[in-house]
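Subject: Structure handover

Hello,

The structure you asked about is below. My notes on the cavities and the aromatic rings follow it.

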Amino acid sequence: MEHYIAPSLLSADFGRLAEEVAASEKAGADMHHLDVMDGRFVPNITIGPPVVAAVKRCAGIPLDVHLMIVEPERYIEAFAEAGADVITVHAEATPHLQRAVARIRELGKKPGVSLNPSTSLSAVEWVLQDVDMVLIMSVNPGFGGQAFLPSSLAKIELLRSQLNRAKLDVDIEVDGGIKVDNVGEAISAGANVIVSGSGIFGTPDYGKTIEQMRRNIRRAASTKT
């Protein structure tokens, strides 16, 4: 199984965004994770399609766009046009989840679905065959810098077990409170896409931090197998 690190630009310096994108890529990032918040689904407001498009113009790796917004189906086309490569919607945010993820794929993008910490895996049971990725939130979404919720590990383990039984090649992404010292726990539980915001951008040397994460990922993966 391939493992990926996706630094979350929510924790980057937005006054130097192009420089931060370049520094993240030079440090070894596999994807850029962009958190879109609307002030309704979550209490914070962040970015929209114009910022995604600006990042796309200076990025050399895929954009992983996480829509933490109500009625995401209204904005899928705009984010696809802006340059998102992966578009993830929340199961809690739309009554027509299958339609939303199907539309993402119709637009030539990889669809993902996300779950808040208190949301059961049953909310995505019937769309697992339609998505490329499931994002397990390991904090309550809305703000960066929160502490990792250990209860998310059991959810990741259960999801990976379900995917293996169904023989589905679906990535499990984990987002929230991931740092060098706990990334191995997420990998051991079954995640293979790691989002880290302050855990990378809050450190003085992004490259050193990502390399330490990769070392811990490799160790956890080898122990797991």
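In these notes Ala, Val, Leu, Ile, Met, Phe, Trp, Tyr, Cys and Pro count as nonpolar, Asp, Glu, Lys and Arg as charged, and the others, Gly among them, as polar. The model is predicted, so local features need pLDDT of at least 70 and side-chain atom pairs count only at pLDDT 80 or more, while totals for chains, interfaces and linings use all residues. Residues are numbered from 1 along each chain as its sequence is written, and side-chain values use heavy atoms, with hydrogens and water left out.

Cavities

A cavity is a set of points, on a 1 Å grid over the protein atoms alone, where a 1.4 Å probe fits but cannot get out; lining residues have an atom within 4 Å of a point. A volume is the space filled by probe spheres set on the points, which are joined across faces, edges and corners.

Two cavities of 30 Å³ or more are present.

The largest cavity has a volume of about 230 Å³. Its lining has 24 residues, with Phe143, Gly144, Gly145, Asp175 and Gly176 nearest the centre; nine are nonpolar, 12 polar and three charged.

Aromatic rings

One aromatic pair was found in the whole structure (ring centres within 6.5 Å). The ring centres of Phe201 and Tyr206 are 5.1 Å apart and the planes stand at 80°, so the pair is edge-to-face (over 60 degrees).

Regards

Terms used:
Rings of Phe, Tyr and Trp (its six-membered ring) pair if their centres lie within 6.5 Å; planes under 30 degrees apart count as stacked, over 60 as edge-to-face and the rest as tilted. On a 1 Å grid over the protein atoms alone, a cavity is a set of points where a 1.4 Å probe fits but cannot get out, and a pocket is an open set with protein on both sides within 12 Å along at least five of seven lines; lining residues have an atom within 4 Å of a point.
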